[in-house]
Amino acid sequence: MKKYARPLLYGLLALLVLAQFYRPERNLSNIQTNHVSTKYPVPDEVETILKPACYDCHSNLTAYPWYAEIQPVASWLAGHVNEGKRKLNLSEFTNRKIAVQNHKFEEIIEMVKEGEMPLKSYTWTHGDAKLSQQQQQVLVAWAQANMDSLAAQYPADSLVLRRK
């Protein structure tokens, strides 16, 4: 077994070095034309929570940590950000149907109340993203106020997300 260990180690090292030349696309577009704040009020108190806890994975502008330069971490982060944006993109929020917007506010409430967001793996390296109970209440109240506003402006059936 020992005679195979050295070539295997060199092969893995070469693979790791070669992987460093692959660079996934970065999430650095700061286009905010359809940002949630263009239609819904985002008070400063809410913005100061969203910025460290949500925007890196749920907007078009990610602040990358130093370790995002190292493969395979860079690819893992790129996939994570793309998945987060697919589920909720606050930079493209108003581009969605009104029923989807309403549903996304509902999901924000659910995820924050259940402590599912921000992800624990994210808060390990971003301590400022950990939400206190007060911050959770602020986000939930904000999302609920926006849902209430939508309910006052639109017929109830237009706010229901219809599954295909």
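# Helices and pockets in a predicted model

Trainee: What does the secondary structure of the chain come to?

Mentor: In this predicted model, the secondary structure of the chain comes to seven helices and zero strands, and from the N terminus on the elements run α-α-α-α-α-α-α.

Trainee: Is the chain spread out or compact, going by the radius of gyration?
Mentor: The chain is more spread out than a compact globule, because its radius of gyration is 20 Å, well over the 15 Å that the globule rule gives for 164 residues. Taken along the principal axes, the box that the C-alpha atoms fill is roughly 75 × 35 × 30 Å.

Trainee: And how much of the chain is buried?
Mentor: Buried residues make up 35% of the 164 residues. As for contacts between residues at least 6 apart in sequence, 80% of them join residues at least 24 apart.

Trainee: Let's turn to α5. Which residues does the helix cover, and what is its reach from first C-alpha to last?
Mentor: Helix α5 covers residues 98–113, which is 16 residues, and it reaches 23 Å from its first C-alpha to its last, close to the 22 Å expected at 1.5 Å a residue. The helix is followed by Gly115, whose phi is positive, near 70°.

Trainee: Which residues of α5 are buried?
Mentor: The buried residues of α5 are Ile98, Ala99, Val100, Gln101, Asn102, His103, Lys104, Phe105, Ile108, Ile109 and Val112.

Trainee: Why does His103 count as buried?
Mentor: His103, which lies in helix α5, counts as buried because its relative accessibility is 17%, and the cut-off for buried is under 20%.

Trainee: What is His103 in contact with, leaving aside its neighbours within four places in sequence?
Mentor: With those neighbours left aside, His103 is in contact with Leu161 and Arg163.

Trainee: Switching to pockets, what volume does the largest one have?
Mentor: The largest pocket has a volume of about 500 Å³. Its lining has 24 residues, and those nearest its centre are His58, Lys87, Leu88, Met111 and Met117. Two or more lining residues come from each of α2 (44–53), α3 (55–58), α4, α5 and α7.

Trainee: Which helix gives the most to that lining?
Mentor: That is α5, which gives six residues to the lining of the largest pocket.

Trainee: How does the lining of the largest pocket split by class?
Mentor: By class, the lining of the largest pocket has 16 nonpolar, three polar and five charged residues.

Trainee: And the second largest pocket, what is its volume?
Mentor: The second largest pocket has a volume of about 230 Å³. Of the 14 residues that line it, Lys51, Tyr55, Asp56, Ser59 and Leu61 are the closest to its centre, while the elements that give two or more residues to its lining are α2 and α3.

Trainee: What about the classes in the lining of the second largest pocket?
Mentor: By class, the lining of the second largest pocket has five nonpolar, six polar and three charged residues.

Trainee: Back to α2, then. Which of its residues are buried?
Mentor: In α2, the buried residues are Val46, Ile49, Leu50, Pro52 and Ala53, and these pack against α3, α6 (120–125) and α7.

Terms used. Residues numbered from 1 in each chain as written. Predicted model: local features only at pLDDT ≥ 70, side-chain atom pairs only at ≥ 80, totals over all residues. Heavy atoms only, no water. Helix = DSSP H or I, 4+ residues; strand = E, 2+ residues; numbered from the N terminus. Expected span 1.5 Å × (residues − 1). Buried < 20%, exposed > 50% of the residue type's maximum accessible area, 1.4 Å probe, protein only. Contact = heavy atoms within 4.5 Å. 1 Å grid on protein atoms, 1.4 Å probe; cavity = no way out; pocket = protein on both sides within 12 Å on 5 of 7 lines; lining within 4 Å. Points joined across faces, edges and corners; volume = space filled by probe spheres on them. Nonpolar A, V, L, I, M, F, W, Y, C, P; charged D, E, K, R; others polar. Rg over C-alpha atoms; globule rule 2.2 N^0.38 Å.
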